[in-house]
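I open these notes with the structure itself, and then record what I looked up, one topic to an entry.

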Amino acid sequence: MTLADLPKGESRTVLSVLGENVVTRRLMEMGLVPGVAVRMIKSAPFGDPLEINVRGYSLALRRNEAESVVLEKVAPNE
Amino acid sequence: MSQNGTTSHLTIALAGNPNAGKTTLFNSLTGLNQKVANYPGVTVERKEGVWSLGESSATLIDLPGLYSLDATSLDEQIARDVITGKIENIPKPDVIVSVVDATNLERNLYLATQLFEYGTPVVIALTMIDVFEKRKHEIDIGKLSANLGVPVVAVNAKAERGRIELAETVLETVGTSVKIPYQLNGGGPDRDNGKIFARYNFISSAVQESVRHNDTREHRISEKIDSVLTHKVFGLAILILILLTVFQAIFSWATLPMDLLEQGFGALGGGVRNFLPEGILADLIVDGIIAGVGGVLVFLPQILLLFLFISVLEDTGYLARAAFLLDKLMSRVGLHGKAFLPLMSSFACAIPGIMATRTIENRRDRFATILIAPFMSCSARLPVYTLMIGAFFAGQTVFGFISLGAILMLAMYALGITVALIVAFILKRTILKAPPPPFIMELPPYRMPSLRTVFQNMLTRAWLFVKRAGTVILAISIILWALMYFPRSSPQAVVSSQPEAVLNNDQRSTIDEPLPEGEQLRKSFAGRLGHLIEPVIRPLGFDWKIGVALIASFAAREVLVSTLSIIYNVGKDENEESETLISAIRNAKDDNGRIVWTPLTALTLMVFFVLAIQCMSTVAIVRRETNSWTWTLFMVGYMTALAYFASFVTYQGGKMLGFE
């Protein structure tokens, strides 16, 4: 499952970030590295972009960018 | 130069994430003692100020807001060059003050750890500590400092907390060195993701040991506000309401100060005329310089208002939400969500709109937005539309109740928008080709904006406009004045040549000879240019007199009205609703005695004005914002070509369809 499929309100831990390009690099620099927890806040009115919470702040990213972030299958223990 | 024996003048760089409170801190440390310019050859803003550190003082360089220093963007490249001392006239910084938002510690510290890797002493200025403590979190600053291996000072720029301590700490740190407190996996290329992991792993453990979250409830105030403001329905409705307010403000609230400025400069011109002897000097000063300066300053109310709104919207955190809401729509034509506000503002005036594109980080997206902004029908086009509709389409209705004038007006706006979107689509696939811009954007927590920052930002913009665009506008307006002023026709010439110029219309019949200013314009270089371009504009249905008006209105679109008034001898003070001017236009005949203006000509002229650049201030501001004459001239060229083509199609097509 990738970040793009994460249902609203749910949290997961990042497993890996696929690909090595400017976009994935920027995602990691913004704190989306393996092991960090992310929570889906919402999607914008037209379904894209998405808003997530990572490391305590809100980050907006497009669906196709979120697809490169692979998540653990189960929710982290709260 | 040493001010005394012990301390020399220091250079200190201020680095930090966007929204970390860097600008507020910079303003609080330097007061009004700052200047803004561009880094050589690029449009990245270079902000410097003087920071008084007790006995000595330092040049404080405000680096662009950054998330990383890996030089994937121009801002990052410049910041790296400043830190490594590669920029001309900026010494390598003695100390870097890294601004870190306590409420967003981990991500903010990422940039700080990158700074450690450059070896220059780093002092961390911890901002937003008041918000952090209000949430009942505790932070052990001593421990954090020990873990990070650099001094950490809590500052609150608004309350001036920690300013002295920050200054003292910076002075103590000069000449020391930093150790990188983590393993960078044996070097390797900078692209190595391992470096990013190493930094974040180090940060996570350093933060865990020094921060205690006593209140485990998550604080999601901004998320609660967003449940309304970025709501699928309400969010869009509120956005439209806010944009309408901004639009309304620059469109109508700015009118009063603009009128006052115009009257003020008119009065000043009159005063100078009374004071100076009649002649070329008085004409140059009044019609060239004062009119030119007035033409520059008249935009100030709109620019100040727009930037007041943008500063407030940006500093509260709303601007990021607007981009979030609209990104999907804008990305369809390859633009960034942030392009919406500049384009919207351009309906009032393209100048503040183009200046507002600075919020778009990616250069190609920004240029594409700049290149299409002038297609939005600005307020200066209104007099042209009003005059044409008043002269040829007034009182006509469609289906008996819809005013034809209103439909035409709407059609002109729609034409501008459609062409803009098509051009953006093409530009983003050709010369500004780039993968769709990534939309990885922080939605910062909502905050009360600092009044001081808002006003400083607003004044800085206004000053930049006056300084940079003003000089170009003044130069062009003097050139245009000279084109219309020279060569001087002798008084005899004025009296002897009249029949072809006189309009055989009832209202004009009381005047036996053309007004001298009309005659002067005809004989001037501008008049000759009008004749010169007549063969070119003939296929559009325009004669040389319209040609002169087109040339003159390159200064500003609304000048078309006063130029037509002069050339048709009704006196230059007529406005677009003047009956005299309207009937003069309707009855105007060309040199062969044929009627010049038909409804089709009027429509063609309107189409021309939707698409042609016809505004030297826009040219000047595009030159300033792109920092390139090539792009500026490209814009002038393609807009003029497009305007010509569309007018040609309108006129010739209209004729083929049997319209007159």
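At what angle do helix α5 (residues 141-148) of chain B and α7(B) pack, and how far apart are their axes? Before answering I note that the model is predicted.

Entry on the helix pair. I looked up the packing of α5(B) and α7(B) and found an angle of about 155 degrees, with the axes 8 Å apart. That angle makes α5(B) roughly antiparallel to α7(B), because angles over 145 degrees count as such. I also noted the hand of the crossing of α5(B) and α7(B), which is right-handed. On the side of α5(B), the contact is made by Lys143(B), Leu144(B), Asn147(B) and Leu148(B), while α7(B) contributes Ala206(B), Glu209(B) and Ser210(B). Sorted by class, this contact of α5(B) with α7(B) has three nonpolar, two polar and two charged residues.

Entry on chain B as a whole. I counted 28 helices and 12 strands in chain B. Of its 660 residues, 44% count as buried. Looking at contacts in chain B between residues at least 6 apart in sequence, I found that 71% of them join residues at least 24 apart.

Entry on the interface. I then turned to where the chains meet, and found 28 residues of chain B in contact with 27 residues of chain A. Several elements of chain B each supply at least two residues of the side that touches chain A, namely α3 (105-116), α7 (193-210), α8 (221-229), α9 (234-253), α13 (318-332) and β12 (441-443). The largest share of that side, five residues, comes from α13(B). By class, the side of chain B that touches chain A has 14 nonpolar, seven polar and seven charged residues.

Entry on strand pairing between the chains. Strand β4 (residues 57-61) of chain A is joined to β12(B) by three bridges, and the two strands run antiparallel. Within this pairing I looked up Ala60(A), which stands opposite Met441(B) in β12(B).

Entry on a helix of chain A. Which residues of helix α1 (residues 22-29) of chain A are buried? I list Val23(A), Thr24(A), Leu27(A), Met28(A) and Glu29(A) as the buried residues of α1(A). They pack against β1 (11-17), α2 (63-66) and β5 (69-71) of chain A, and also against α3 and α7 of chain B. I finally checked what comes after α1(A), and noted that Gly31(A) follows this helix with a positive phi, near 105 degrees.

Conventions. Residues are numbered from 1 along each chain as its sequence is written. Chains are lettered from A and ligands numbered from 1 in the order in which they are written. This is a predicted model: local features need pLDDT of at least 70, side-chain atom pairs count only at pLDDT 80 or more; totals for chains, interfaces and linings use all residues. Two residues are in contact if their C-beta atoms, placed from the backbone, lie within 7 Å. Helices (H or I, at least four residues) and strands (E, at least two) are DSSP runs, numbered from the N terminus. Ala, Val, Leu, Ile, Met, Phe, Trp, Tyr, Cys and Pro count as nonpolar, Asp, Glu, Lys and Arg as charged, and the others, Gly among them, as polar. Two strands pair if DSSP finds at least two bridges between them. Axes are lines fitted to C-alpha atoms, for helices over the stretch in contact, and angles run from 0 to 180 degrees between N-to-C directions. Angles under 35 degrees count as roughly parallel, over 145 as roughly antiparallel, 65 to 115 as roughly perpendicular and the rest as oblique. A crossing is left-handed if the near helix is turned anticlockwise from the far one by less than a right angle, and right-handed if clockwise. A residue is buried if 20 or more other C-beta atoms lie within 10 Å of its own, exposed if 12 or fewer, and partly exposed in between; C-beta atoms are placed from the backbone.
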